[in-house]
Amino acid sequence: MPTPKQRLPYTAAGGGRRGAASGSGGVLPPVVVLVFLFVLAPSLFFVARNGGHVHVASDPKGRDSDQEAEAMKSLKSILSKEVIDAITASQHEAGALSLDFFRNHASPSWKTDDLVSHKSLDVDGKAKAENSAPEHDLPTNKSPKDDPDEHQVDTAAKIARRKLREKRREKRAMDLMRKDDEARVKLENAAIERSKAVDSAVLGKYSIWRKENENENSDSTVRLMRDQIIMARVYSALAKSKSKNDLFQELQIRIKESHRAVGEATADADLHHSAPEKIRAMGQTLSKAREELYDCRAVTQRLRAMLQSADEQVRSLKKQSTFLSQLAAKTIPNSIHCLSMRLTIDYYLLPLEKRKFPRRENLENPTLYHYALFSDNVLAASVVVNSTIMNAKEPEKHVFHLVTDKLNFGAMNMWFLLNPPGEATIHVENVDEFKWLNSSYCPVLRQLESAAMKEYYFKADRPTTLSAGSSNLKYRNPKYLSMLNHLRFYLPEVYPKLDKILFLDDDIVVQKDLTGLWDVDLNGKVNGAVETCGESFHRFDKYLNFSNPHIARNFDPNACGWAYGMNIFDLKEWKKKDITGIYHKWQNMNEDRVLWKLGTLPPGLLTFYKLTHPLDKSWHVLGLGYNPSIDRSEIESAAVVHYNGNMKPWLELAMTKYRPYWTKYIKYDHPYIRGCNLSE
């Protein structure tokens, strides 16, 4: 038996095998076992890995084939078929192995001097190429100093692995850039989809109804140029921070050129003819900037900063817009003020006998159709009366009860004396002459005289900025100081001999005959009105303070709201249920404005809670004073359209597409209207 340091020759291995085959007693000698473990087992492994086709080139006379066949025959007689099949399957999965691999990476117990020489094995070139990388990845027990050829192979392998790593790194970088582009495209597409879902009734009201905005793609070029300007600003900031002055100057020039080309355009048709050229120039500059400056994190930070700045500006402008719109809503145009003053002067120049209206006997006839209209706007009141009469089937059966203040009493009388409503009856009264309507009876009058209310309305510390002045400005509208706004809660006291009356606001237009409302069965309710709870913000919790126990205990926050402006009231049921007394109760409890803010709708919701009969929505269409997206067919099919909101039809800020429904009932050739420069 050889020592561990001895090398086992190939011939000895063969002799050992043959001796083992011819041994007696059925026991293999130890030498034969060692020969099998150290020589034949590895040979069997790579023979099987090569599919049984290992070409040994060391025997020029062809003895290798005979020896291989003899070795395979002997091994098959020793090993079972399952072992041979397992080795063959492993060869199919992992591919062929070369003898150079075992020569260069063999375990010390496998090394033999005479197994193969450096020219003894010729392996198929294709198999060698396929397995070169795995060979180099496995560890070796030889040092580079012992084998220069192996050192060269290892060096070549390292170079190959390095190149492979570089390729993988480049591939990963390309994948990251591709994913970054895909993510950016997804974000842009998501932003576009979100922008399509924005409620156009809330944003951009001032231009939604413009004709050029009817086509959703009519401003695609304008939006592209504005987007280019935004990105140019981002890159110009980055260029300046990185001292790329040439690129910074070029971007600034492109921004100015694009600004001039866009101007005030809101649609592609408004753009300057040089816009396409500016778009191309800006695109080239942006591509250049992207190549030199693109840094995803820096661009994101810059865009976020711009977004925050724009958001703050929008908030400030929104507050200013609210303030100015509320201010405009409170004012009366000079032309209407002129009309009122001229009519007032001429009225008091009339003799007393000419100041009376005809058909006064109809004022208390319960069989006729009675209307209550409380207004201090002569022109608005004339539109309500004219539109009602022009669309009435039997004008002679209609009676209009107008109530105004002492400042406009003369003007209102003079207008309808000069322009009587045909065969209809009309009567004008002065609210200041209702002696029963005093602070001892009316809680609102008493509260308006309190020091706290005067402080709320007339406090000395006026806001110094427009945005600061927008807080609660809505509730400081002068109409809340006028009893004309609260007179609707005293209808039985004003008209004690009537059974039913139709209440109309002065910012409505009548488009159909309204006599059908007197035939509506209110089912024992007091108020007939159109409900407005199609939207969540028109429910009770929008108007009332449900944190107060009195409100929370008595009312449902999800109860449906309804609209003032066109209401049919059953005055008999009103008296039975003491509606005015209910109103007084809640108004007294709200002296400190803890139940609701100022106004008449919140106390109306409380007073007529569970006493309101819902009317068909076609009777009363609302929103022409704030909502630019009302369907035209809905407006034209409505019996009454209501300009509730700040954009009243007699103001300059009125929506132009809704204004014709109101102006067609005004005679602009009338001498008084023409003399005060009132125009369509």
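The following dialogue goes through a predicted model feature by feature, from the sheet to its helices and then to single residues.

User: What should I keep in mind about the model and its numbering before reading any feature?

Analyst: This is a predicted model, in which local features need pLDDT of at least 70 and side-chain atom pairs count only at pLDDT 80 or more, while totals for chains, interfaces and linings use all residues. Residues are numbered from 1 along each chain as its sequence is written, and side-chain values use heavy atoms, with hydrogens and water left out.

User: How is a sheet described, and what is the strand order here?

Analyst: Helices (H or I, at least four residues) and strands (E, at least two) are DSSP runs numbered from the N terminus, and two strands pair if DSSP finds at least two bridges between them. In this structure an open sheet of 7 strands has the order E3-E2-E1-E4-E7-E6-E8, with mixed pairing. E3 and strand E8 (612-614) are the edge strands, each pairing on one side only. From one strand to the next the twist averages 25°, where axes are lines fitted to C-alpha atoms (for helices over the stretch in contact) and angles run from 0 to 180 degrees between N-to-C directions.

User: In which sense do E1 and E2 pair, parallel or antiparallel, and in which sense do E6 and E7?

Analyst: Strand E1 (residues 369-374) pairs with E2 in the parallel sense over 6 bridges, and Ala 372 has His 401 of E2 as its bridge partner. E2 also pairs with strand E3 (residues 425-430) in the parallel sense, over 6 bridges; here Val 403 is partnered by Glu 429 of E3, and Phe 400 by Ile 426 of E3. Strand E6 (residues 527-529) and strand E7 (residues 566-570), by contrast, pair in the antiparallel sense over 2 bridges, with Ile 568 of E7 as the bridge partner of Gly 528.

User: What handedness does the crossover from E1 to E2 have?

Analyst: A crossover is right-handed if, with the strands pointing away from the viewer, the path from the first strand over the helix to the second runs clockwise. The chain crosses from E1 through helix H15 (residues 378-390) to E2, and this β-α-β crossover is right-handed. E2, H16 and E3 likewise make a right-handed β-α-β unit. As for where these helices lie, H15 is placed across E1, E2, E3 and strand E4 (500-504), running at about 175° to E2, whereas H16 lies across E2 and E3, running at about 170° to E3.

User: How many residues of E2 are buried?

Analyst: Buried means under 20% relative accessible area, exposed means over 50%, and partly exposed lies in between (1.4 Å probe, protein chains only). For strand E2 (residues 398-404), 7 of its 7 residues are buried. Both faces of E2 are covered, with His 398, Phe 400, Leu 402 and Thr 404 on one side and Val 399, His 401 and Val 403 on the other. In E3, 5 of the 6 residues are buried, so this strand is largely enclosed by the rest of the structure.

User: How do H14 and H16 cross, and which residues make the contact?

Analyst: Angles under 35 degrees count as roughly parallel, over 145 as roughly antiparallel, 65 to 115 as roughly perpendicular and the rest as oblique. The axes of helix H14 (residues 334-348) and helix H16 (residues 409-418) come within 7 Å and cross at roughly 80°, which makes H14 roughly perpendicular to H16. Contact means heavy atoms within 4.5 Å, and among the residues that make it are Leu 339, Leu 343 and Tyr 347 of H14 and Phe 409, Met 414 and Trp 415 of H16.

User: What is the phi of Arg 359, and what is that of Arg 593?

Analyst: Arg 359, although not a glycine, has a positive phi of about 55°; its place is in the loop between H14 and E1, and at 30% relative accessibility Arg 359 counts as partly exposed. Arg 593, also not a glycine, has a positive phi of about 60° and lies in the loop between helix H23 (579-589) and helix H24 (601-607). With a relative accessible area of 24%, Arg 593 is partly exposed.
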